[in-house]
Amino acid sequence: MAIRSFFLFILFFSSSLSPVFSLYEDQVGLMDWHQQYIGKVKQAVFSSQRAGRKRVVVSTEENVIASLDLRHGEIFWRHLLGADDVIDGIDIGLGKYVITLSSGGSILRSWNLPDGQMVWESSLQGPKHSKSFLLVPTNLKFDKDNVLVVFSNGRLHAISCIDGEVLWKKDFEAESFEVQQVILPPGSDLIHVVGFAAFSQFEMYQINAKNGELLKHESASFSSGFLGQVSLVSTETVVALDSTGSILLTISFQDGKISSQQTPISNLVEDSLGPAVIIPSSVSGIFAIKTDAVTIFIRVIGKGNLEVVEKTTHEIAVSDALSISEDQQAFALIQHASSEIHLTVKLAHDWDGNLLKESVKMDRQRGLVHKVFINNYIRTDRSYGFRVLIVMEDHSLLLLQQGEIVWSREDGLASIIDVTTSELPVERDGVSVAKVEHNLFEWLKGHMLKLKGTLMLASPEDMAAIQSMRLKSSEKSKMTRDHNGFRKLLIVLTRAGKLFALHTGDGRIVWSYLLRSLHKSEACQSPIGLNLYQWQVPHHHAMDENPSVLVVSRCGPSSDTSGVLSFVDTYTGKELSSLSLDHAVVQVIPLPYTDSTEQRLHLLIDADKHAHLYPKTSGALSIFKREFSNIYWYSVEDQNGIIKGHALKCKCTGEVADEFCFDTRDLWSVVFPSESEKTIATVTRKLNEVVHTQAKVVADEDVMYKYISRNLLFVATVAPKGSGEIGSVTPEESWLVAYLIDTVTGRILHRVTHHGSQGPVHAVFSENWVVYHYFNLRAHRYEMSVIEIYDQSRADNKDVWKLVLGKHNLTSPISLFSRPEVITKSQSYFFTHSLKAIAVTSTAKGITSKQLLLGTIGDQVLALDKRFLDPRRTVNPTQAEKEEGIIPLTDSLPIIPQSYVTHALRVEGLRGIITVPAKLESTTLVFAHGVDLFFTQLAPSRTYDSLTEDFSYALLLITIVALVAAIFVTWRLSERKELQEKWR
Amino acid sequence: MAAVTPLLLLLLLSSAPSFSSGSRNAYNINGRVKIPQGPGTKGYALPGRMSNVKVLLNGGQNITFLRPDGYFSFHNIPAGTHLIEVSAIGYFFSPVRVDVSARNLGKVQAALTENRKGLSELVLEPLREEQYYEIREPFSIMSLLKSPMGLMVGFMLAVAFLMPKLVENMDPEEMRRAQEEMRSQGVPSLSSLLPGGAMN
């Protein structure tokens, strides 16, 4: 009790209104780290500028365009486009502008290559949706103005490179015309547009590049139709596959005349291969087709004579062509061989000769090569050198030059799906990795420097030395567990199916593992990772075991494909085992029980509503049987607007005789009327959240009891009309309803309607409160509301005499089946920004006050004290309430710049915020991820239980010295005085 | 007030050409972001700070960037009421409510949502600069004295030097009585606490 009151005292002490999170500029990087990524590269264009630093401009699947340093792989500049603004093509115009075509070919932008400033933006419209092409001809001029040719939305545009002005446009309105290629033969003023129409028609349009005039239109009919893409083998020849995928059509349109030739694939290759697809490539004279197992390279000789040049069963990747001189084109080819990749650079017309052949050792954990981009440079001896940029299966980007990996970027980390944490090993002999201080002299020097710093005597060089010393402190990046619990491993699962372990101290990658179970295989066509769970967290009796995580994945995008489980050791990064399930995984419920080896019990619900218990051990089964009737869960059916509660029934009946399979039954269901409500958000409390006390002492020494239940669900529904974007509805036809539902009984504990409001709703649930963010259409501002729920059945326990006489009901069992007497309090406030994510800090014992972490639209994370969202705020709080720390009510929530957790940084493309408690009660670890990663430590009530980083030991030392000196001086004085007294 | 309203209307009308219209029911919203580049804007002057400014429509539905002169535009926006936000590190911008009129060929009316101020033109300026870091106070004797250590030393000094002065001014009778009392209670004097004190 003494400790509790002590903590309360401290909390009260720390509850001043000033922003709690605040940082001095020289503290940046001490406890936080920030990493910038770009995502999986889709397209890369090398800048051919002679002077200045070599750059490569890339576009990625995360909708990033970035300019990278070709020497080191660092980002010069980068822009993240909107989520719907998918990049279709990039190129460099005039050597100094980066041109991007995005949003399905409807937005064309130009960026300044050196600094990334947008120069102009054009909106391109067209009659209908189509493929889009961006071409930057080098020789096409229009009044001294370079011209871009863009085909998008069924319209061909010629656009000025300088200002984005549309010079001319030409519509292709024919109903069924589907463009396949736009060709600019070099050295002429013609543009060829080829495509298919009405299934079996091949169409060719010849257009004057000067004015967009249609010069010629030819068409030819092919009764067998077409399949997939065409490959351009020269400026006047394309190769296509017929609809069966077994006959190659070589179509040439020389001088506007269409002629064609059909070659069955079986004529070229003896053994039948099954249906093939064309791999688009731009290498003249050569194209590739791919069947399930084989990739075949075919050369076109003359007018439609085909010849197989190579047939390979290896995984292979080909680059686009690179013209190295007037009539020579080179391209790169990468083949895999166990732990190496072979890079060959060939000339387009000479398959057998190699310009370059290199082998590079490749980490197996990077998987296959997905894309290759080639660039050349001129060596000192005037011969051509080649460098290639490769994109791997794990989305990483590497630059190869002279048989070596010059640099690599782990861009898989730009697309994190799920995050969990793992403890580091306990410090033991031989476990510790980090070096301790080198020697006494160094140590002394360091401390002298620090002392100089505190006494403000240090020169700027000294300050820089101090700063780097603080940042490099080996203490925070050790590979062992620390006393405060600041050092942990962040285990992240990326979209590429790779697991990374990041050290919280400095963000470095400790290990990475490309999940074998997420490899494409016969049984599993397009595996996708879903979630990460802590599988084994050893602490008491299983100390020797390493912790492990469970990765749940499934074989396809739909929820009824079968699931795959893998178990990965978090110390070594090795896969312990993997299980291919014969059932689907719709829902995973981690149960709060562990078996004798501290493996966490998990219940997997499949598509047929059977529950499967993992791990499949008898120990787990016996624990599970004991808790059989206490297991409840719920499911949300978004489309139908139904929330159902479930419980276990019995062992599986029917054909599957499996001890670990159970039938389930529906307990309750809440059906929202589909014509007026559509669920858009559901939130529950975090499973591992710790609540310190149920009682909340309010003003006047009164007590309120929080209604704390793990089975509360927050549901937000909106009017179906209002589920779209802002501005699509009027306030009268839009509303938002918030529910608090008990997931065991299905009872609705609270329901509130916000008229004239709409989504998107971001909500967070913690302890006995929920905070949600939505849009208020009437005020046209964002709003945040808080609902707190209190238990009234315990409200009469306040009488001390009752407690003394034992007449209280504190020990009576809590059952969710009895109707809870609850009251709710709520309040709403305006909030300035749109949100992308919301989270709440969590600490080890739940004593420290809470902060909300708001991921704003500007990709920053703002810490907002929960006391600003207290429904008991009033305009004029009484003296007692003020003492309790209640803030006077204002209509909007304050945004204090110093409380931005991310300070002057942006977590570009923010998607999620995760908080993990440290062992130290005052501190919580925050990890925000998007395209960038950001990690920091937060102390919502300041670090009341440890000395802060900037605690001045020198001052303490000086004080002690001064005190000792004072003692001696006064002793002398008093002695002398006593002597004088005696003499008197 | 009556005089002000026509003036405001006039401004709106005159600025109408800058809010150009598109085809059918889709309109363009054009505007400008102005960031004061005065001598007062010091601090973390990031290179290319204009290039890192984003303009977001309806909570990220559309995102666009600024041209070198600060102009931006959203294309193909349906008529209705929209929200424009500006994200710029170091500045606080109020979101802007933008009404695109269907009747008046996409005429745009704008108002800041933070202070409900109407805008005659869609020119967005930051409400204030944002300082993300605490300013470190320069070294001063006062701050040293105010720290717990300083207070300790100060108190110590006060006791050591002021107390004897107080004692001196005391009545010798009273002093003796107090000393008697202390001795009887067995409170050790400072000198007896120290090793040398035990000798007398």
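Me: Two strands pair if DSSP finds at least two bridges between them, a strand being a DSSP run of E with at least two residues, numbered from the N terminus. What makes strand S4 (residues 64-69) of chain A a partner of S5(A)?

Reply: The two are joined by 5 bridges, and at least two are needed, so they pair. They run antiparallel, with A:Val64 opposite A:Leu80 in S5(A). This is a predicted model, where local features need pLDDT of at least 70 and side-chain atom pairs 80 or more, while totals for chains, interfaces and linings use all residues. Residues are numbered from 1 along each chain as its sequence is written, chains are lettered from A and ligands numbered from 1 in the order written, and side-chain values use heavy atoms, without hydrogens and water.

Me: Why do strand S2 (41-46) and strand S5 (75-80) of chain A count as edges?

Reply: The open sheet has the order S2-S3-S4-S5 (chain A) and antiparallel pairing. S2 and S5 each have a single partner strand, so one side of each lacks a neighbour in the sheet.

Me: Why is the meeting of B:Lys54 and A:Asp859 called a salt bridge?

Reply: The term requires a side-chain nitrogen of Lys or Arg within 4 Å of a carboxyl oxygen of Asp or Glu. Here the N to O distance is 3.7 Å, so the pair qualifies. Chain B and chain A share 3 salt bridges.

Me: How many residues does each chain bring to the contact?

Reply: With contact meaning heavy atoms within 4.5 Å, chain B brings 59 residues and chain A 68.

Definitions and conventions:
Helices (H or I, at least four residues) and strands (E, at least two) are DSSP runs, numbered from the N terminus.
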